[in-house]
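This report examines a structural model chain by chain and interface by interface.

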Amino acid sequence: MKMILFYRLALTMSLVVFANVVMLAAALAQPVTIIVQSTTSTQNSGLFDFILPKFTAQTGITVNVVAVGTGQALKNGRNGDGDVLLVHAKSAEEQFIKRGFGVKRFDVMYNDFVIIGPKNDPAKLGGTVGILAALAKIVQSKSPFISRGDDSGTNKKELQLWQKAKINIVEKGGSWYRESGSGMGATLNIAAGMSAYTMSDRATWLAFKNKAGLKILSEGDPLLFNQYGVMLINPSKHPHVNEKEGQIFIDWLTGKEGQSAIAAYKLEGKQLFFPNAGR
Amino acid sequence: MLDRVEPQIQSDAMQQAPDIAVSFRNVEFSIDGKRLLHKLNCEIGKAGKTVIMGPNGAGKSIFLRMIAGLLKPESGEIFIPPNDSEQQRSADISIVFQNPVLLRRSVSANIAYVLKQQGHSKKTIARLVSEALVQAKLEDRAQMPARQLSGGEQQRLAMARALVMGSSILLLDEATANLDPASTFIVEEMVDVASRAGTKIIFITHDVRQAKRVGDDILFLHKGRILAHKPKDAFFKEPGSEEAQAYLDGRVIE
Amino acid sequence: MEEIGNAFLIAFDLLRSRDAALMEIVQLSLWVSIIAVAISCIIGFFIGAALSVYRFPGRKVIVVVINALMGLPPVVLGLIVYLLLSRSGPLGVLGLLYTPTAMIIAQILLITPLVSALCLQVLEEFNREYDEFFRSLRLTSLAKIKTLLWEARFGLLTVGLAGFGRAISEVGAVMIVGGNINHATRIMTTAIALETSKGTLALALALGIILIIFSIAVNAAVMALRSSSKVQVHA
């Protein structure tokens with residue numbers, strides 16, 4: 001009697017395994033898919049959920065986005081684990097092309113970074129426009145500041161700014177300077193939890209739902225400009241790359257439809273990304 | 001990895017004594033340096049039911065387990081004719097322990113289990129199982145989970161299972177020690193039937209009355225030595241040693 | 001604190017409305033983990049049974065290694081699997097990265113040591129009980145393994161549930177090898193991680209509550225199966 005039960009269980013198990021195999025096989029046989037390695041900030045802003053369905057409707061190509069930190073996205077690109085790269089770290093991207101991992105780099109869109117901080121603003125930034133001055137105030141007041149610390153586009157920009165402000169953050173950064181080593185969302189959660197300052201791209205900030213007691217305390221400085229670029233992973237290095245579909249995506253993104261789709265994406269009435277492919 | 005006695009080469013003497021069931025030659029055994037069996041020599045005949053008796057610590061269980069192949073002698077040899085091959089040996093000996101070891105399945109499944117291991121056909125198994133159930137008087141318990149049986153019933157099941165294997169030697173290690181009189185009676189009956197059908201019975205018991213009732217010859221062990229091996233009546237009339245006499249009288253011996 | 005209250009409301013709302021996105025994620029989570037556990041059990045039970053029955057030089061070392069592997073951080077395992085399945089890696093040609101199969105593979109590698117070690121533990125006790133009996137029947141090692149596995153079936157069911165618990169709650173490895181791709185490799189745990197990073201904490205918590213509910217359902221179903229059979233077999 002128990003044997004029957006056992007066999008029933010075994011049969012169910014086999015069916016489950018079989019069904020999964022069929023499912024996977026079906027998935028493999030599906031219409032063309034490309035993999036885009038992009039960043040968590042772009043993902044979290046909701047941009048992809050808005051523009052990608054338009055692309056798929058037009059071309060029938062499904063886009064799978066893997067959202068990781070910029071550093072990881074570039075590494076994945078180097079390993080050939082994807083077809084297209086969409087990140088915001090221009091010099092790193094140019095290096096990528098130079099070393100032959102990517103084919104060609106195109107500007108796609110820009111937005112800007114902002115300094116977020118607690119409402120009571122201990123560093124007295126009070127809407128300071130000059131970012132370098134704002135950073136100096138933070139250092140002076142030793143107010144808690146959360147850095148991405150993860151080699152992301154945002155992180156690279158932050159470090160560039162410390163440099164431009166002639167502040168040696170490695171030296172000057174005491175216990176008030178915390179490196180989260182995480183994505184933008186996690187970093188913002190930490191900032192919210194610690195009532196600390198941090199630098200974020202505007203899109204992620206606007207889309208972020210745990211603003212707690214934080215608000216924008218410095219914005220507008222041209223230095224806070226944040227450029228996004230797109231590249232096709234080099235098929236000569238990685239023959240399996242979906243070159244054709246990947247290029248279709250890049251052309252679409254930098255062309256009329258893609259650019260207007262980007263411009264059309266609004267959150268709470270505010271446009272988050274500004275197309276500048278200039279084609 | 002060998003956990004049983006290796007097959008021995010038969011000596012001419014053995015081949016000329018076909019009515020010997022088990023033979024020990026200079027068998028010694030120790031655990032952790034303590035000698036438990038001292039140069040044992042004996043021959044147990046095929047005829048009759050042999051009883052092993054002796055105080056605790058005499059080495060009775062070790063002796064029995066050596067016959068079963070569960071323990072290896074440190075030195076010396078054990079002959080169980082005809083011991084041509086391991087396979088033949090293995091089919092030939094069953095053992096019933098003091099506490100029955102039953103599988104977590106029904107009564108009939110327990111019996112069927114050993115038959116399946118022997119490779120019998122489904123039909124044969126079904127037939128043998130129902131015969132065994134009748135013998136053990138467990139017919140109405142056939143589908144019950146074995147572990148739900150009473151102590152006496154469980155031991156009867158263990159007996160039935162051991163007998164159904166059709167071995168030439170059946171060993172019992174104080175098999176009825178914990179049983180009620182009714183179950184004891186049934187087990188003794190099963191032993192009797194098996195013995196008359198040709199199975200050699202060797203059993204350990206502390207129950208002197210049982211020994212007198214069931215046994216044909218007695219093998220008395222004391223501190224790892226055989227002090228007597230005689231026909232039943234002879235032993236009880238004249239135990240042959242102070243220790244044996246003390247044991248029968250119920251006195252403590254050194 | 002009100003996040004938690006909110007979370008329950010959101011959770012029940014999502015469940016009641018059978019939210020399509022939620023159902024997709026739940027289904028994938030269950031598929032991945034159940035398949036991973038099933039395969040891990042097949043492998044793990046035989047490893048555990050073999051270790052309990054066979055004695056050979058180096059056995060103790062293997063047992064120590066398996067026990068140690070139980071403590072392997074999932075994210076490290078995920079990294080290793082990623083390096084194996086990456087296009088630049090040895091198994092890159094299979095193109096398994098960022099698919100549910102990769103997640104199943106990672107979970108199998110993660111749970112098998114656990115299942116093996118627990119299975120060995122369970123069988124050791126049965127082995128002690130049955131050892132002399134088996135030897136008196138001169139059973140082959142294979143016969144011993146088969147018998148032990150069947151005798152211990154209820155204990156092994158619990159071992160399977162332990163494996164399932166570990167699998168369904170895992171996030172580090174599946175994130176790396178699956179990529180948390182929407183409609184493709186997004187499961188409960190990675191979805192929770194995503195919502196947390198978006199700051200939608202109440203929703204993240206709600207997903208967590210739903211995950212626990214489904215996990216309880218699976219456990220309950222298995223336990224019901226177990227006790228109905230158990231009553232028939234044990235005293």
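## Chain B and the basis of the model

Chain B contains 10 helices and nine strands, where helices (H or I, at least four residues) and strands (E, at least two) are DSSP runs, numbered from the N terminus. Of its 254 residues, 53% count as buried; buried means under 20% relative accessible area, exposed over 50%, and partly exposed in between (1.4 Å probe, protein chains only). Among contacts in chain B between residues at least 6 apart in sequence, 70% join residues at least 24 apart, a contact being heavy atoms within 4.5 Å.

The model is predicted: local features need pLDDT of at least 70, side-chain atom pairs count only at pLDDT 80 or more, and totals for chains, interfaces and linings use all residues. Residues are numbered from 1 along each chain as its sequence is written, chains are lettered from A and ligands numbered from 1 in the order in which they are written, and side-chain values use heavy atoms, with hydrogens and water left out.

## Interface of chains A and C

Two pairs of chains touch, and the most contacts are between chains A and C. Chain A contributes 36 residues to this contact and chain C 31 residues. Together they bury about 2,700 Å², 64% of it on carbon and sulfur atoms; buried area is the accessible area (1.4 Å probe) that two parts lose on being put together, summed over both. The elements giving two or more residues to the side of chain A that touches chain C are helix H1 (2–28), strand E1 (33–39), helix H2 (40–45), strand E2, helix H4 (70–79) and helix H9 (184–194) of chain A. H1(A) gives the most, with 12 residues. By class, this side divides into 18 nonpolar, 13 polar and five charged residues; Ala, Val, Leu, Ile, Met, Phe, Trp, Tyr, Cys and Pro count as nonpolar, Asp, Glu, Lys and Arg as charged, and the others, Gly among them, as polar.

Within strand E2 (residues 62–68) of chain A lies Asn64(A). Asn64(A) counts as buried because its relative accessibility is 14%. Leaving aside neighbours within four places in sequence, Asn64(A) is in contact with Thr33(A), Ile34(A), Ile35(A), Val36(A), Ile181(C), Asn182(C) and Ala184(C).

## Interface of chains B and C

Here chain B supplies 24 residues and chain C 23 residues. The area buried between them is about 2,200 Å², of which carbon and sulfur atoms give 54%. In chain B, Leu70(B), Arg104(B) and Tyr113(B) lose the most area to chain C, together 29% of what that side buries.

Four salt bridges are counted between chain B and chain C, whereas the count between chain A and chain C is zero. A salt bridge is a side-chain nitrogen of Lys or Arg within 4 Å of a carboxyl oxygen of Asp or Glu. Arg105(B) and Glu151(C) meet through their side chains in such a bridge (3.0 Å, N to O). Chain A and chain B do not touch, their nearest C-alpha atoms being 8 Å apart.

## Nonpolar cores

A nonpolar core is a set of buried Ala, Val, Leu, Ile, Met, Phe, Trp, Tyr and Cys residues joined through side-chain atoms within 4.5 Å. The largest has 152 residues, of which Val22(B), Phe24(B), Phe63(B), Met159(B), Leu171(B), Leu172(B) and Ile202(B) touch the most other members. Helix H5 (residues 100–136) of chain C gives the most to this core, with 16 residues. Not counting residues up to four places away in sequence, Phe24(B) touches Leu40(B), Asn41(B), Cys42(B), Phe63(B), Met66(B), Ile67(B), Glu77(B) and Ile78(B). A second, separate core of 51 residues includes Ala207(A), Met231(A), Ile233(A) and Ile250(A).

## Salt bridges within chains

Over all chains the count is 24 salt bridges. Asp173(B) pairs with Arg65(B), the closest N and O atoms being 2.9 Å apart. This pair links distant parts of the chain, with Asp173(B) in strand E6 (residues 169–173) and Arg65(B) in helix H2 of chain B, 108 residues apart. Asp173(B) is buried at 5% relative accessibility, and Arg65(B) is buried at 15%.

Arg127(B) and Glu131(B) form a salt bridge at 3.7 Å, N to O. They are separated by about one helical turn because they lie four residues apart in helix H5 (residues 122–135) of chain B. Arg127(B) is partly exposed at 46% relative accessible area, as is Glu131(B) at 44%.
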